[in-house]
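Biologist: Could you walk me through this structure, starting with what you mean by the words you use?
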Amino acid sequence: MQTFLVARHAESECSSRGVVNGEPNSRCPLTERGEAQARALGRSLVGREIDLYVTSEFPRTRRTAEIALSGRELPPWLELAELNDIRVGAFEQGPLEQYTAWAHTHQPEERPPGAGESRSEAAARFARGLRIVLARAEPAILVVTHGLAVSFLREASAGHGFHARHAPVPYARPFEF
């Protein structure tokens, strides 16, 4: 049986300021609080075998995983663009509230202005990424990605359809699948 644990990255400077960041090349490191959250994630993994860790292309996801896995021999790492955060177009580096207000009043298939990605496109991309993870042979995999991807996975695994609003996902908390 394959087990995979999925966690949202720890708090970043962007998220602490309420700034949306959907571009992996933007600088947005973990905060001190985020580093503490990543260490707490590591403590929650004590005694669990991790055979592979998977992250998006965002440095904050890899940093979260590496802090969480410190103190043990690092397993192999796989970086998947399919697990990147949603591209928000013209909302990039702006207030998260503005993007979510837009998203709550537009259909999931609609792309935000400025060459953004629709929520439907992002969900399909996340699903492709998770299929890649599930096809792996390693029995225990840690995936560190973004809140929206974790929300979509949790909702889909509970048999719920697509929602315009998602329950907040805590930082650096593993969900087992």
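Modeller: Let me start with one word: two residues are in contact, or touch, when they have heavy atoms within 4.5 Å. With that in mind, Ala90 touches Pro113 and Gly114, leaving out residues up to four places away in sequence. Please remember throughout that this is a predicted model.

Biologist: Okay, and where does Ala90 sit in the chain?
Modeller: Ala90 belongs to the loop between strand S3 (77–79) and helix H4 (96–104).

Biologist: Is Ala90 buried or exposed, and why?
Modeller: Its relative accessible area is 56%, and because exposed means over 50%, Ala90 counts as exposed.

Biologist: How far is Ala90 from Asp51?
Modeller: Their C-alpha atoms are separated by 39 Å, and the two residues are 39 residues apart along the chain.

Biologist: Let's step back to the whole chain. How many helices and strands are there?
Modeller: The chain has six helices and five strands, and when you read along the sequence they come in the pattern β-α-α-β-α-β-α-α-β-α-β.

Biologist: What about its overall dimensions?
Modeller: Taken along the principal axes, the C-alpha atoms fill a box of roughly 45 × 35 × 25 Å. For 177 residues, a compact globule would have a radius of gyration near 16 Å, and the chain agrees with this, since its own value is 16 Å.

Biologist: And how much of the chain is buried?
Modeller: Of the 177 residues, 48% count as buried. The accessible surface of the chain comes to about 8,800 Å², and 51% of that belongs to carbon and sulfur atoms.

Biologist: Which residues account for the contacts with a separation of 6 or more?
Modeller: Residues 24 or more positions apart account for 72% of those contacts in the chain.

Biologist: What does Val19 touch?
Modeller: Not counting residues up to four places away in sequence, Val19 touches Cys14, Gln93, Gly94 and Leu96. The C-alpha atoms of Val19 and Pro95 are separated by 4.7 Å, although these residues are 76 residues apart along the chain.

Biologist: I also noticed Ser56, so where is that?
Modeller: Ser56 is in the loop between strand S2 (52–55) and helix H3 (59–68), and it counts as buried, at 1% relative accessibility.

Biologist: Which side chains make polar contacts with the side chain of Ser56?
Modeller: The side chain of Ser56 is joined to that of Thr61 by a polar contact of 3.2 Å, and it also makes a polar contact of 2.8 Å with the side chain of His146. Leaving aside neighbours within four places in sequence, the residues in contact with Ser56 also include Glu79, Leu80, Leu83, Asn84 and Val144.

Biologist: Last topic, helix H6: why do you call it largely enclosed?
Modeller: Helix H6 (residues 147–157) is largely enclosed by the rest of the structure because eight of its eleven residues are buried. Among them are Gly147, Leu148, Phe152 and Glu155.

Biologist: What covers the buried residues of H6?
Modeller: The cover includes strand S1 (3–8), helix H5 (119–134), strand S4 (140–145) and strand S5 (175–176). After H6 comes Gly159, whose phi is positive, near 80 degrees.

Note on methods:
Residues numbered from 1 in each chain as written. Predicted model: local features only at pLDDT ≥ 70, side-chain atom pairs only at ≥ 80, totals over all residues. Heavy atoms only, no water. Helix = DSSP H or I, 4+ residues; strand = E, 2+ residues; numbered from the N terminus. Rg over C-alpha atoms; globule rule 2.2 N^0.38 Å. Buried < 20%, exposed > 50% of the residue type's maximum accessible area, 1.4 Å probe, protein only. Areas by Shrake-Rupley, 256 points an atom, 1.4 Å probe, with all protein chains shown as cover. Polar contact = N/O pair within 3.5 Å; in protein donor to acceptor, adjacent residues only side chain to side chain.
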